[in-house]
Amino acid sequence: NPLVFTSEMPQEDLMFQLVAIHAANPKFATIHPPVSSFRMILGQMSPTEEAFYDEVMDDLVNNPDHGSIRVIDTREFTTFGSVMQRTVRENAIDEVDMLWVDYITRLPVDTKYRSMGLTEGRNETIADAKRFAMSFNNGEGLAVCSPFQVNREGYKKAKTSEGRMDKTALAQYNAAEKEADIISYSFFDEEEAATSEPKVG
């Protein structure tokens with residue numbers, strides 16, 4: 001049961017994207033091809049497509065094989081402190097297994113860090129996220145994930161250093177590298193566009 005906090009994209013747009021992703025599930029392949037989430041957002045689907053997406057939505061919401069995806073946007077939270085409080089409340093309603101924050105360093109820092117510089121305050125926020133992940137639910141723990149937009153030079157250097165990703169682009173928020181258990185990356189540039197194959201590592 002992932003809980004998603006989005007600070008960039010409106011809640012409704014992200015939910016449309018999640019439905020569009022689910023529509024590409026192979027189990028629907030014989031029913032109807034998936035439709036761009038942008039057409040869903042703009043209300044440009046045909047009646048046949050709308051009927052298909054009703055079926056997709058019903059499966060996503062009511063199929064017992066799926067968990068519960070809850071999406072919350074900035075109308076309902078501000079700082080990471082408020083994200084933690086809301087997560088505890090949501091977990092009391094229905095168990096939360098994973099927390100996605102898109103993205104931590106875009107949030108204003110909590111009051112207790114405002115006397116620091118912005119970078120230091122955001123590094124402390126990242127450390128708060130790690131502490132929260134480890135202590136959540138009386139120490140049971142919680143997966144906390146957040147994307148970072150970093151310099152693409154890291155992947156370019158990996159091409160010349162036996163595939164090792166250069167993480168110096170994270171130096172501004174060094175807590176992201178220090179506190180993370182897993183760092184993944186995706187890279188898409190002209191070379192990848194030619195084959196429609198993003199690099200993931």
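Leaving aside neighbours within four places in sequence, which residues is Asn-91 in contact with? The legends below start there. This is a predicted model, so local features need pLDDT of at least 70, side-chain atom pairs count only at pLDDT 80 or more, and totals for chains, interfaces and linings use all residues. Residues are numbered from 1 along each chain as its sequence is written, and side-chain values use heavy atoms, with hydrogens and water left out.

**View 1. Asn-91 and its contacts.** Beyond its neighbours within four places in sequence, Asn-91 is in contact with Val-96, Phe-136 and Asn-137 (contact means heavy atoms within 4.5 Å). Asn-91 is part of helix α4, residues 80-93. Helices (H or I, at least four residues) and strands (E, at least two) are DSSP runs, numbered from the N terminus. Asn-91 counts as buried because its relative accessibility is 17%; buried means under 20% relative accessible area, exposed over 50%, and partly exposed in between, with a 1.4 Å probe and protein chains only.

**View 2. Met-84, another residue of helix α4.** Not counting residues up to four places away in sequence, Met-84 touches Asp-128 and Phe-132.

**View 3. Helix α5, residues 118-139, with its bend at Phe-132.** The 22 residues of α5 should span 32 Å at 1.5 Å a residue, and the end C-alpha atoms are 30 Å apart, which agrees; the expected span is 1.5 Å times one less than the number of residues. At Phe-132, α5 bends by about 35 degrees, the bend being the angle between axes fitted to the seven residues ending there and the seven starting there.

**View 4. The buried residues of α5 and their partners.** The buried residues here include Gly-121, Arg-122, Asn-123, Ala-129, Phe-132 and Phe-136. The buried residues of α5 pack against α4, β3 (98-102), β4 (143-145) and α7 (174-179).

**View 5. Lys-130 in helix α5.** Is this lysine, Lys-130, buried or exposed? Lys-130 counts as buried, because its relative accessibility is 18%. With neighbours within four places in sequence left aside, Lys-130 is in contact with Glu-179 and Asp-181.

**View 6. Helix α1, residues 11-23.** From first C-alpha to last, the 13 residues of α1 reach 19 Å, close to the 18 Å expected at 1.5 Å a residue. Gln-11, Leu-14, Val-19, Ala-20, His-22 and Ala-23 are buried in α1. The buried residues of this helix, α1, pack against β1 (2-6), α2 (37-41), α3 (47-62) and β2 (70-73).

**View 7. Zooming out to the protein chain, with its eight helices and six strands.** From the N terminus on, the elements run β-α-α-α-β-α-β-α-β-α-α-β-α-β. The C-alpha atoms fill a box of roughly 55 × 50 × 30 Å, taken along the principal axes. Of the 201 residues in the protein chain, 37% are buried. Among contacts between residues at least 6 apart in sequence, 62% join residues at least 24 apart.
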